[in-house]
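Please keep the sequence and the model at hand while reading.

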Amino acid sequence: MLIDLFVEYLTGDFNNQRQIEEEHGGHPRAVHINRECTHRIAGLPSDCKDRFILEESYYTKADGTQLSTPHLFGVRLNSNNCIELRAYKMPKHLTEKDFVNSNEHLGLTFEGLKLSDNFGVMQYSYDTHTGFVGELRNEYPNGITFTLTEVISQNRLEVMELMEKNGAQLTSYSTPIIYEKIGG
């Protein structure tokens with residue numbers, strides 16, 4: 001089934017080490033640790049078609065600045081045979097340090113999940129040669145625009161997160177981060 005393939009491709013341990021070595025600057029050093037966490041969510045309705053993925057993202061910029069962000073995503077197959085991805089807010093009772101896949105005590109309730117106000121529904125189409133391709137554009141106040149473009153294939157993620165203000169690019173790079181699956 002297509003949703004199973006999407007979850008298989010998206011989960012695992014990924015980094016952009018090869019990209020960093022080949023380009024010598026430009027992109028941040030980046031790591032994703034993605035796991036399905038549907039089994040950690042209590043009270044799922046019996047008709048729930050979503051599968052849940054906890055994504056841990058770690059970035060190190062050229063100046064040594066580090067950033068880590070966890071994200072909870074719900075994914076489902078829609079009636080057009082496309083994958084829909086929705087972002088959820090981190091539950092208030094958790095810290096970023098606790099909202100990680102390695103936390104054996106991490107437990108969530110379906111009732112406690114709240115959709116993110118800042119992220120729309122990202123839709124992915126599937127092509128047997130390319131994999132899953134999706135794009136999402138969000139407009140925020142003060143002329144800020146966020147565009148996320150992704151290509152998800154068997155052992156690779158191509159992720160471009162473009163931030164703009166009044167049409168001027170804020171993101172320090174203009175090509176995707178290329179993650180390769182290294183485990184998981």
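A disulfide is taken here as a pair of cysteine sulfur atoms within 2.5 Å, and the structure holds 0 disulfides. This is a predicted model, in which local features need pLDDT of at least 70 and side-chain atom pairs count only at pLDDT 80 or more, while totals for chains, interfaces and linings use all residues. Residues are numbered from 1 along each chain as its sequence is written, and side-chain values use heavy atoms, with hydrogens and water left out.

| Residue | Relative accessible area | Class |
|---|---|---|
| Cysteine 37 | 2% | buried |
| Cysteine 48 | 25% | partly exposed |

The sulfur of cysteine 37 has its closest cysteine sulfur in cysteine 48, 12 Å away, which is too far for a bond.

Leucine 54 lies in strand E4 (residues 51–60), strands being DSSP runs of at least two residues, numbered from the N terminus. At 1% relative accessibility, leucine 54 counts as buried. Leaving aside residues up to four places away in sequence, leucine 54 touches several residues, among them Cys37, His71 and Phe99, where contact means heavy atoms within 4.5 Å.

By class, the lining of the largest pocket has 28 nonpolar, 11 polar and 6 charged residues; Ala, Val, Leu, Ile, Met, Phe, Trp, Tyr, Cys and Pro count as nonpolar, Asp, Glu, Lys and Arg as charged, and the others, Gly among them, as polar.

How values were computed: Helices (H or I, at least four residues) and strands (E, at least two) are DSSP runs, numbered from the N terminus. Buried means under 20% relative accessible area, exposed over 50%, partly exposed in between (1.4 Å probe, protein chains only).
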